[in-house]
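Trainee: I would like to learn how to read a helical model. Please take the features one at a time.

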Amino acid sequence: MLYLISFVLMFAGLACINIIFSYQSKHIDTQFWSTFKFHLWMLPLFLAANLSVGYGVKFGMKAVSQLGYVLVIAKCIEVLISIWMGYWFMKEVPSWKTWIGLVVIIIGVVLVKQK
């Protein structure tokens with residue numbers, strides 16, 4: 001159960017953070033004050049997202065007892081979310097090289113988890 005809670009919390013927090021930055025890159029003007037105002041409005045969302053990621057790591061540590069493994073999984077989740085955000089906001093279609101890279105990452109996670 002802790003695996004699921006950890007995964008959901010990390011996914012929600014990382015997705016929120018990536019959505020904010022993707023939205024900014026697509027829709028917010030690059031001038032300093034526009035970006036500053038946008039980030040002031042986003043502070044509550046960043047707080048919730050960071051708490052979510054933090055608790056996801058904490059519950060992941062309770063489930064696995066290896067910080068390295070939990071952080072690698074968090075990065076894998078973030079890579080998948082980044083591909084999703086690229087497609088959603090910028091209409092970037094992942095190439096075969098992207099999918100091979102994901103397979104390499106998954107193999108690396110399996111190798112790290114083995115004893």
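Trainee: In which loop is Ser-65 found?

Mentor: Ser-65 is found in the loop between α2 and α3. Helices here are DSSP runs of H or I with at least four residues, strands are runs of E with at least two, and both are numbered from the N terminus. Before going on, note that this is a predicted model, in which local features need pLDDT of at least 70 and side-chain atom pairs count only at pLDDT 80 or more, while totals for chains, interfaces and linings use all residues. Residues are numbered from 1 along each chain as its sequence is written, and side-chain values use heavy atoms, with hydrogens and water left out.

Trainee: What is the phi of Ser-65, and is Ser-65 buried or exposed?

Mentor: Phi of Ser-65 is near 70 degrees, which is a positive value in a residue other than glycine. For accessibility, buried means under 20% relative accessible area, exposed means over 50%, and partly exposed is in between, with a 1.4 Å probe and protein chains only. Ser-65 has 56% relative accessibility and so counts as exposed.

Trainee: Where does Lys-91 lie, and what is its phi?

Mentor: Lys-91 lies in the loop between α3 and α4. Its phi is near 55 degrees, again a positive value in a residue other than glycine. Lys-91 is exposed, at a relative accessible area of 61%.

Trainee: How many helices and strands are there in the protein?

Mentor: The protein has four helices and zero strands. From the N terminus on, the order of elements is α-α-α-α. Along its principal axes, the C-alpha trace spans about 50 × 35 × 20 Å. Of the 115 residues, 29% count as buried.

Trainee: What span is expected for α1, and what does α1 reach?

Mentor: The expected span of a helix is 1.5 Å times one less than its number of residues. With 26 residues, α1 reaches 37 Å from its first C-alpha to its last, close to the expected 38 Å. For α3, with 24 residues, the reach is 33 Å, close to the expected 34 Å.

Trainee: At what angle do α1 and α2 pack?

Mentor: Axes are lines fitted to C-alpha atoms, for helices over the stretch in contact, and angles run from 0 to 180 degrees between N-to-C directions. Helix α1 (residues 2-27) and helix α2 (residues 32-64) pack at about 160 degrees, with axes 7 Å apart. That makes α1 roughly antiparallel to α2. Angles under 35 degrees count as roughly parallel, over 145 as roughly antiparallel, 65 to 115 as roughly perpendicular and the rest as oblique.

Trainee: What is the handedness of the crossing of α1 and α2?

Mentor: A crossing is left-handed if the near helix is turned anticlockwise from the far one by less than a right angle, and right-handed if clockwise. The crossing of α1 and α2 is left-handed. Residues of this contact divide into 23 nonpolar, nine polar and one charged. Here Ala, Val, Leu, Ile, Met, Phe, Trp, Tyr, Cys and Pro count as nonpolar, Asp, Glu, Lys and Arg as charged, and the others, Gly among them, as polar.

Trainee: How do the axes of α1 and α3 cross?

Mentor: The axes of α1 and helix α3 (residues 67-90) come within 9 Å and cross at roughly 35 degrees. This crossing is right-handed. The residues of the contact divide into 17 nonpolar, four polar and two charged.

Trainee: What do the buried residues of α1 pack against?

Mentor: Contact means heavy atoms within 4.5 Å. The buried residues of α1 pack against α2 and α3; among them are Met-10, Gly-13 and Leu-14. What covers the buried residues of α3 includes α1, α2 and α4 (96-113).
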